[in-house]
Amino acid sequence: RSFSSVLTSSLTCNTFIPPIKMHPHNRDVIYVGFNNAYISYDKGQNWTMLKFTTFNVEDLAIPEKNPSYTYVIDQRYAYSSLDSGATWDKFLLPLNQYDHKLAVDFNNPDIIYVTYTGYNDTCKVFKSMDRGATWQNLSLNLPNIPVNAIELQYGYKSNGDTISGVYIGTDNGIYYLNDSLMAINAGWQRFGTGLPNVTIYDLAINYQAQKLRAATYGRGLWEVDLYEISNDVHVQL
């Protein structure tokens, strides 16, 4: 699989840009994180505080299949809500370290992933099966470089099995892991060819095109075929 450029103008990343997410089923509803988490029900005209936090919000997640779940992580703590933000539970992140990204499994909203951007060796990607009560270290064979982005692949293989693909964007390209690679102890695989040796700051999947798209620091936007085709994808496109 080889990357090709889809945007010639350069993109830059500012770490002070707040996280912003759209509701998966209602395009009028927007979530954003500043010093606290906020929600707008009218496309950003008016805002209501969703969650008070002590530190700046670093990421938000609203699962596609279970949008009543809401996750917020700030610079020190993490919070989950099962009732669209009416009540919250606080849980500990695997590391007391700034700069994290968050992803939630499509089929099971109790499964979450957290990534870290620092240079703490073997502390790059973590997975929880129980909303942050316990964590599994998935850093495995990753090099000691920052992990800046994470994207989970949804849908089903041709045999009906659920796809469990995880893509991460680092300071040196993209890596991929799934359950099959884990089962044979293959670890993370460097993903794709033709991508410049550049920092990846954001990832997104276009399921209609079956492409992974990567936003880089200063080298534009790139895309590549997915590791596996997602058949029968039940997601909002």
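**Exercise 1. Describe the polar contacts and the surroundings of His-100.**

Step 1. The side chains of His-100 and Glu-58 form a polar contact at 2.5 Å. A polar contact is a pair of N or O atoms within 3.5 Å; within protein, one must be able to donate a hydrogen and the other to accept it, and residues adjacent in sequence count only if both atoms are side-chain atoms. The model is predicted: local features need pLDDT of at least 70, side-chain atom pairs count only at pLDDT 80 or more, and totals for chains, interfaces and linings use all residues. Residues are numbered from 1 along each chain as its sequence is written, and side-chain values use heavy atoms, without hydrogens and water.

Step 2. A polar atom of the His-100 side chain also lies 2.7 Å from the backbone oxygen of Gln-97.

Step 3. His-100 has a relative accessibility of 2% and therefore counts as buried (under 20% relative accessible area, with a 1.4 Å probe and protein chains only).

Step 4. Leaving aside residues up to four places away in sequence, the contacts of His-100 (heavy atoms within 4.5 Å) include Asp-59, Ile-73, Leu-93 and Tyr-116.

**Exercise 2. State the strand order of the open sheet and identify its edges.**

Step 1. The order is β6-β7-β8-β9, with antiparallel pairing. Strands are DSSP runs (E, at least two residues), numbered from the N terminus; two of them pair if DSSP finds at least two bridges between them.

Step 2. β6 (57-61) and β9 (89-91) are the edges; each has a single partner strand, so one side of each lacks a neighbour in the sheet.

Step 3. β8 (residues 78-81) pairs with β9 over 3 bridges, and Ala-78 stands opposite Phe-91 in β9.

Conventions:
Helix = DSSP H or I, 4+ residues; strand = E, 2+ residues; numbered from the N terminus. Buried < 20%, exposed > 50% of the residue type's maximum accessible area, 1.4 Å probe, protein only.
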